[in-house]
Amino acid sequence: MPEPVLAPTSRQGLAAVAALMRRAFPKAHKYTEAYLDWLYFRNPAGPALAFDVREGERVISHGAGIPQRLVLHGRPVLGALMLNTATDADRQGRGLFSRVVNAVIDEGRRRGVAALIGVANQNSVGPYVKRLAFQEVRGLDAFVAPAPERIDFGRAAAQADLRRDWDDAALAWRMANPEGRLRLVAASEDALVVEGASTAPLVAARAVIPRQGLAAPPVPRSRLWPAVSLALAPAGAARRGLSLTVPDRLRPSPLRLIYRNLDDPADRLDPDRILFSFLDFDAF
């Protein structure tokens with residue numbers, strides 16, 4: 001058996017990464033070479049901080065951080081979103097998860113990344129917190145509503161410890177996901193409403209983000225149907241109107257926001273001061 005080797009992910013190696021992700025998540029259909037190429041190498045914020053552990057040509061463990069612009073404690077910074085951490089079932093228990101994530105952390109520091117965030121499921125949140133000093137901030141709210149939530153973005157921006165700093169290039173890239181294209185369904189002076197497919201039949205996934213100078217094409221008036229939102233907003237900044245909370249037992253896996261400041265290990269986020277939506281990670 002070849003000795004496991006840690007190396008940065010290359011474009012030429014995406015087929016082997018996709019194969020690992022399909023082995024690890026057999027119910028997910030998004031893990032194609034085209035999807036990974038879009039996610040890792042076409043991001044206007046920069047290429048992914050991605051690493052493989054290989055045995056010969058086989059990728060047995062992998063993880064990535066996707067650069068994104070954040071506002072952290074009121075200051076614009078470069079952050080990265082941790083995702084696609086996976087290890088083959090027959091190679092677990094060898095410390096490969098920690099090895100890959102630590103490689104992302106080291107590369108993040110080298111590239112000036114101030115903080116890593118992520119959305120962990122029930123299985124992965126423990127290792128992130130116990131082995132790698134991430135903060136488990138809080139679980140994402142999940143709710144179904146016929147109309148978009150109304151967010152006071154002036155108040156939310158002033159209060160948020162953490163929020164995404166969107167620009168036109170980042171939003172255009174996010175909406176062009178080849179395995180889950182999104183559409184703009186509403187636009188006002190201060191907000192954009194974006195929808196895409198969810199895992200539930202006939203139910204869209206919805207996100208409301210601040211307009212903050214973003215360009216938006218004219219949006220034809222259309223009837224809005226009930227949609228599911230995975231989101232957080234600072235306390236008192238959002239009004240959801242008629243909505244139904246999705247119980248944990250009905251979710252595929254309760255999702256937890258995690259955080260690690262690479263400049264200040266002692267830094268923590270206030271769970272009630274987060275502005276976050278499914279556009280900020282790769283839920284579907």
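A: Let us begin with residue classes: Ala, Val, Leu, Ile, Met, Phe, Trp, Tyr, Cys and Pro count as nonpolar, Asp, Glu, Lys and Arg as charged, and the others, Gly among them, as polar. This is a predicted model, in which local features need pLDDT of at least 70 and side-chain atom pairs count only at pLDDT 80 or more, while totals for chains, interfaces and linings use all residues. Residues are numbered from 1 along each chain as its sequence is written, and side-chain values use heavy atoms, with hydrogens and water left out.

Q: Which residues lie nearest the centre of the largest cavity?

A: Of the 14 residues in its lining, Leu39, Ile66, Leu81, Trp173 and Arg174 lie nearest the centre. Two or more lining residues come from each of helix 2 (33–41), strand 3 (58–72), strand 4 (75–87) and helix 6 (168–175), where helices (H or I, at least four residues) and strands (E, at least two) are DSSP runs numbered from the N terminus. Strand 3 gives the largest share, three residues, and the lining as a whole has nine nonpolar, one polar and four charged residues.

Q: What lines the second largest cavity?

A: This cavity holds about 80 Å³ of space, and among its 13 lining residues Val208, Leu275, Phe276, Ser277 and Asp280 lie nearest the centre. Strand 12 (residues 204–210) supplies the largest share, three residues, and by class the lining has nine nonpolar, one polar and three charged residues.

Q: At what angle do helix 3 and helix 4 pack?

A: An axis is a line fitted to C-alpha atoms, for helices over the stretch in contact, and angles run from 0 to 180 degrees between N-to-C directions. Helix 3 (residues 96–110) and helix 4 (residues 125–132) pack at about 70 degrees, with their axes 11 Å apart. That makes helix 3 roughly perpendicular to helix 4 (under 35 degrees is roughly parallel, over 145 roughly antiparallel, 65 to 115 roughly perpendicular and the rest oblique). In the contact (heavy atoms within 4.5 Å), Phe97, Ser98, Val101 and Asn102 of helix 3 meet Pro127, Tyr128, Arg131 and Leu132 of helix 4.

Q: Which residues of helix 1 and helix 2 meet?

A: The axes of helix 1 (residues 14–24) and helix 2 come within 9 Å and cross at roughly 110 degrees, and the two helices are therefore roughly perpendicular to each other. Leu14, Ala15, Val17 and Ala18 in helix 1 meet Glu33, Leu36, Asp37, Tyr40 and Phe41 in helix 2, a contact with seven nonpolar, no polar and two charged residues.

Q: What is the strand order of the open sheet of six strands?

A: Two strands pair if DSSP finds at least two bridges between them, and this sheet has the order 10-11-12-13-7-15 with mixed pairing. Strand 10 (183–187) and strand 15 (244–245) are the edge strands, each pairing on one side only. Inside the order, strand 12 and strand 13 (residues 227–231) pair in the parallel sense over two bridges, and Ala204 stands opposite Ala227 in strand 13.

Methods: 1 Å grid on protein atoms, 1.4 Å probe; cavity = no way out; pocket = protein on both sides within 12 Å on 5 of 7 lines; lining within 4 Å. Points joined across faces, edges and corners; volume = space filled by probe spheres on them.
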